[in-house]
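Colleague: Before we discuss the salt bridges, could you put the model on the screen?

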Amino acid sequence: MPITYNHATADSAKGLIAIIDIGSNTVRMVVYHALTRVPIPLFNEKYMCALGKGLARTGRLNPAGTQLAQKALARFMVMARRLNVQSLDVLATAAVRDAEDGAAFVNMLQKEHRIRIRIISGDEEAMFAAQGALASIHDPLGLTADMGGGSLEIAAISPHHIGEHTTTALGSLRLLDAHEGSIRAMEKTISTTLKAIDWLSDLHPPTLYAIGGGFRSIAKVHMRQSHYPLSITHEYAMSSQAVYAMIRKITSMSDLERASLPGLPAKRAATLIPSALVLKHLMQMTGAKQMMVSVSGIREGFFYGLLSPRQQQRDALIASATDLAALIGRRGSYASELMRWMQPLFAAEPLTLTRIRQALCIVSEIAWSIDPDFRGEWAFLRIVQSSLKGVDHRERTMLALALYHRYQTTLKHDFSALKLLSAYDVLWAKAVGLAANLAYQFSGGKEDNLGHARLQMEGGRVKLTLDQDASPLRTEMVEKRLDGLGKTLSALASCEA
């Protein structure tokens with residue numbers, strides 16, 4: 001099937017959509033299942049080509065890197081055809097943009113593969129990276145920093161808006177080449193460059209959203225060393241104190257010690273130092289209180305730009321939960337009916353948790369095909385290991401625990417991720433899960449079956465009322481589950497959020 005190019009839009013979203021990113025350090029292709037708010041990557045592969053290695057000294061692309069990039073692109077084009085990709089965009093960033101032979105390299109690739117390659121500007125690169133954070137983090141507020149091998153892009157970001165943004169030459173490979181690995185020389189260049197950005201020191205962002213493999217590597221090392229209970233890097237947060245401590249440790253190590261750090265990909269060891277130094281100076285200059293990792297960058301931001309404004313405004317968590325449920329055949333109005341049915345029990349919950357409860361209602365029946373003895377455990381792991389977006393690690397674990405209790409009324413597993421939750425979080429998740437479990441006793445997980453059963457809170461107690469025709473549904477098992485729900489809600493009411 002022939003591939004068409006640059007035709008994926010909100011009005012014409014048919015077939016698989018592929019984006020190839022020819023970066024200064026890596027070349028990657030991601031194939032997405034559809035043009036949706038939170039697309040699912042069906043194919044995601046990268047090659048470390050280091051196109052920008054030596055660029056600061058020679059002004060040209062790395063010859064060995066161009067050969068690797070040619071091989072990577074040749075493979076990607078074959079895979080795109082085998083996957084019947086129908087929309088393809090190829091983006092090239094800083095190394096190609098700045099190298100004197102970058103245009104010739106692009107022309108050669110375009111002729112060889114009969115494709116169009118878009119060399120994006122530094123301004124576009126900053127915007128796409130910020131859009132990537134908007135696409136996958138709920139109501140972000142702060143500064144995005146996307147560090148690649150050839151450049152660093154930063155942007156002020158708030159919910160649904162991108163403010164001041166710029167690009168700099170502070171790429172990891174470029175810094176190493178220009179200063180031959182000297183930490184003191186790199187720090188001087190980083191400081192001078194960042195101080196020249198007039199709006200940066202006045203920003204005072206609460207969070208620095210770190211994008212790029214170098215920043216992710218720092219987070220991965222910290223996760224391993226702190227025995228963090230989840231392995232998902234997206235939305236992993238580190239306080240400024242933790243960042244500074246980690247950077248001091250990294251910069252005091254020998255090359256051999258850094259290369260053997262648990263959690264550090266071997267090919268990222270060489271660029272760890274410049275990444276750490278840029279991160280340190282960004283946080284010091286802006287006073288950011290924490291760093292949060294975003295795995296979504298320019299590819300996801302470019303994809304986000306293809307969506308209609310209406311699609312962009314959808315809550316990423318709700319959209320990805322809906323797709324997760326649809327993948328196993330759970331569609332229809334049951335989720336909204338369940339949400340309304342249990343609402344009287346949670347009228348006083350914090351607004352930040354209402355969207356988590358809505359997500360639970362959407363995915364409440366995803367374990368229906370699993371053996372009953374394993375549904376609770378499977379449901380918990382399905383959520384903590386999923387690619388859901390728009391949810392931080394605490395919220396993800398709360399959602400997972402709520403889904404666990406949809407299938408298992410008492411906790412019988414020692415999940416390490418529960419360390420991320422407070423006593424209130426645990427009780428809230430259990431109450432939501434038990435409410436969904438109780439609803440199943442009357443609905444069987446099917447829509448239009450909850451109207452004959454009503455829940456109310458009276459004097460701090462849960463009251464269940466059934467229509468006369470539904471009265472046979474009120475069994476001893478139902479009473480037991482109603483009692484368990486009532487006790488959990490009582491405990492929740494006496495626990496501070």
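Colleague: Are Asp21 and Arg299 buried or exposed?
Modeller: Bear in mind that this is a predicted model. Asp21 forms a salt bridge with Arg299, with the closest N and O atoms 2.9 Å apart, and the pair links strand E2 (residues 16-22) to helix H12 (residues 298-306) across 278 residues of the chain. As for accessibility, Asp21 and Arg299 are both buried.

Colleague: Which residues do salt bridges with shared partners join into one network?
Modeller: A search of the whole structure finds 19 salt bridges, among them the one between Glu187 and Lys280, whose closest N and O atoms are 2.7 Å apart. That pair links helix H7 (residues 183-195) to helix H11 (residues 272-286). The network built on shared partners consists of Arg97, Asp98, Glu125 and Arg174.

Colleague: Which residues does Met457 touch, leaving aside those up to four places away in sequence?
Modeller: Met457 lies in strand E13 (residues 453-458) and counts as partly exposed because its relative accessibility is 34%. With sequence neighbours up to four places away left out, the residues that Met457 touches are Pro344, Leu345, Val462 and Leu489.

Definitions and conventions: Residues numbered from 1 in each chain as written. Predicted model: local features only at pLDDT ≥ 70, side-chain atom pairs only at ≥ 80, totals over all residues. Heavy atoms only, no water. Helix = DSSP H or I, 4+ residues; strand = E, 2+ residues; numbered from the N terminus. Buried < 20%, exposed > 50% of the residue type's maximum accessible area, 1.4 Å probe, protein only. Contact = heavy atoms within 4.5 Å. Salt bridge = Lys/Arg side-chain N within 4 Å of Asp/Glu carboxyl O.
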